[in-house]
Amino acid sequence: MLAYRPHPLLRNGHLQALLAGLKDGLLHPRNSISLPVPLEDGDHLMVHEEIGPPIASDSKLVILVHGLGGDHSSPYLQRATHALHQRGCRVWRVDLRGSGHAMQLAWRPAHAGCSQDLAAVLAMARQFYPNSPICVIGFSLSGNIVLKMLGELAAGRLALGLRDAQIELAIAVAPPLDLHACADNMDRWSRRLYTRYYIKLLVQQADIKRALFPQWQQLPSQPAIRTIREFDSRYTAPLSGFRDWQHYYTEASSIHWLPEIKTSTEVVLDRHDPIVTWKSFLQARYDPEWIHFTHTNYGGHLGYFGMDDAGKVFRWVEYYVVQRILNWKPSGVG
């Protein structure tokens, strides 16, 4: 596995994070079918399955889940999908509640703790492809969802007929393990640029949902929202059944579930991530038999512009995810 080497001109976590949204690299045309995933409360998610040349019934099924403000069309999901599909994997890209093609299918918002939703995707995947080993990858916010779900599965807290052993490998990239710490970090003056970016995306989504669903119309649109915490207080917490934002952050943080995990899990985190705080990971308790942490420097938040052995610029974290999936062998397999 090629270790991460930041581009020599980008040895700065902030700069890497700011460049993360660049739509660099060839985005191959996606050829997919859309599959609605029914949820217990009547809402739906949407998954997008790549189609093309026939894939063996026992090929790996890779489930990719986007981060905050993203959807199935996020460039990092598209690039990873192309690389995996070209190598014989079946790939599902997920639209969480209210994102992408699921915008009109769910009145409740997605949130960092919606592990039951992701478990519903896995249950449908197992129903469709019972012979396929499953790999599930969450980026940023969805990394937290993945980790919480794994812990709850192992503890028997998700009643969907799933067993954690049915997941061959899970990868969480830059997950906000402790939502309280992450919100405190985003409230800092030095993070205002990131806060404005995410608030713009979230408010745009909220305006669309307000026009679609009466539940959103019942909530105030003023005063203007300035922080992630204010958005979660006004929208995410009440619409998702939490008492308030404090209750939401406590219940949704995956850090409490790490010791329960009994699935082979990779966690990728960067010491210079300006959004997900490094100190959260220093406080995490986990079983190293099941969870492996990959620490990097100067990758920022989903930036990871690096150099390969030939000196070519590439997106290291996407390479890492693809290679871990393709080369993964369960413990005890030669």
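# Reading a predicted fold: a dialogue

Guide: In helix α5, the buried residues are Leu 179, Ala 181, Cys 182, Ala 183, Asn 185 and Met 186. Bear in mind that this is a predicted model.

Visitor: How many residues of helix α5 are buried, out of how many?

Guide: Six of the eight residues in α5, which spans residues 179-186, are buried, and the helix is mostly covered.

Visitor: What do the buried residues of α5 pack against?

Guide: Four helices are in contact with them: α6 (192-212), α8 (228-239), α9 (245-252) and α10 (278-282).

Visitor: Now to the sheet. In what order do the strands stand?

Guide: The general idea comes before the order. Strands in a sheet are paired by backbone hydrogen bonds, in a parallel or an antiparallel sense. Here, eight strands make an open sheet with mixed pairing, and the order is β1-β2-β4-β3-β5-β6-β7-β8. At the edges are β1 (32-38) and β8 (291-296), each of which pairs on one side only. On average, neighbouring strands of this sheet are turned by 20° against each other, direction ignored.

Visitor: Which helices pack on the sheet?

Guide: Helix α3 (residues 115-128) touches β1, β2, β3, β4, β5 and β6, and its direction makes about 120° with that of β1. Helix α4 (residues 141-154) also packs on the sheet, with contacts to β3, β5, β6 and β7 (265-270); its direction makes about 135° with that of β5.

Visitor: In what sense does β4 pair with β2, parallel or antiparallel?

Guide: Strand β2 (residues 44-50) pairs with β4 in the antiparallel sense, over four bridges. Within that pairing, Glu 49 stands opposite Trp 92. Strand β3 (residues 61-65) runs parallel to β4, and five bridges join the two. There, Ile 63 has Trp 92 as its bridge partner in β4. Elsewhere in the sheet, strand β5 (residues 134-139) and strand β6 (residues 167-173) run parallel and are joined by six bridges. Ile 134 has Ile 167 as its bridge partner in β6.

Visitor: Which residues point one way from β4, and which the other way?

Guide: Side chains in a regular strand alternate between the two faces of the sheet. In β4, Arg 90, Trp 92 and Val 94 point one way, while Val 91, Arg 93 and Asp 95 point the other way, and all are buried. Because six of the six residues of β4 (residues 90-95) are buried, the strand is largely enclosed by the rest of the structure.

Visitor: Which residues have the most contacts inside the largest nonpolar core?

Guide: They are Ile 63, Trp 92, Val 121 and Met 149, in a core of 69 residues. A second, separate core has 29 residues, including Tyr 4, Tyr 76, Val 173 and Tyr 320. As for Val 121, its contacts are Val 37, Leu 45, Val 47, Ile 63, Trp 92 and Val 94, leaving aside residues up to four places away in sequence.

Visitor: How do I read the packing of helix α2 and helix α11, and at what angle do they cross?

Guide: A packed pair of helices is described by the angle between the axes and the distance between them. The axes of α2 (residues 75-86) and α11 (residues 316-327) come within 10 Å and cross at roughly 35°. The crossing is right-handed. Tyr 76, Arg 79, Ala 80, Ala 83 and Leu 84 of α2 meet Glu 318, Val 322, Ile 325 and Leu 326 of α11. Sorted by class, this contact has seven nonpolar, no polar and two charged residues.

Visitor: Where is Asn 144 placed, and what does Asn 144 touch?

Guide: Asn 144 belongs to helix α4. With a relative accessibility of 0%, Asn 144 counts as buried. Beyond residues up to four places away in sequence, Asn 144 touches Ala 112, Pro 175, Pro 176, Leu 177, Ala 252, Ser 253 and Ser 254.

Visitor: One last topic, the backbone. What phi does Ala 174 have?

Guide: Ala 174 has a positive phi of about 55°, although it is not a glycine. Ala 174 lies in the loop between β6 and α5 and is buried, with a relative accessible area of 6%. Tyr 304, not a glycine either, has a positive phi of about 55°. Tyr 304 sits in the loop between β8 and β9 (305-307), and is buried at a relative accessible area of 2%.

Visitor: Is the peptide bond from Gln 222 to Pro 223 cis or trans?

Guide: That bond is cis, with omega near 0°. Pro 223 is in the loop between α7 (214-217) and α8.

Definitions and conventions: Residues are numbered from 1 along each chain as its sequence is written. This is a predicted model: local features need pLDDT of at least 70, side-chain atom pairs count only at pLDDT 80 or more; totals for chains, interfaces and linings use all residues. Side-chain values use heavy atoms; hydrogens and water are left out. Axes are lines fitted to C-alpha atoms, for helices over the stretch in contact, and angles run from 0 to 180 degrees between N-to-C directions. A crossing is left-handed if the near helix is turned anticlockwise from the far one by less than a right angle, and right-handed if clockwise. Contact means heavy atoms within 4.5 Å. Ala, Val, Leu, Ile, Met, Phe, Trp, Tyr, Cys and Pro count as nonpolar, Asp, Glu, Lys and Arg as charged, and the others, Gly among them, as polar. A nonpolar core is a set of buried Ala, Val, Leu, Ile, Met, Phe, Trp, Tyr and Cys residues joined through side-chain atoms within 4.5 Å. Buried means under 20% relative accessible area, exposed over 50%, partly exposed in between (1.4 Å probe, protein chains only). Two strands pair if DSSP finds at least two bridges between them.
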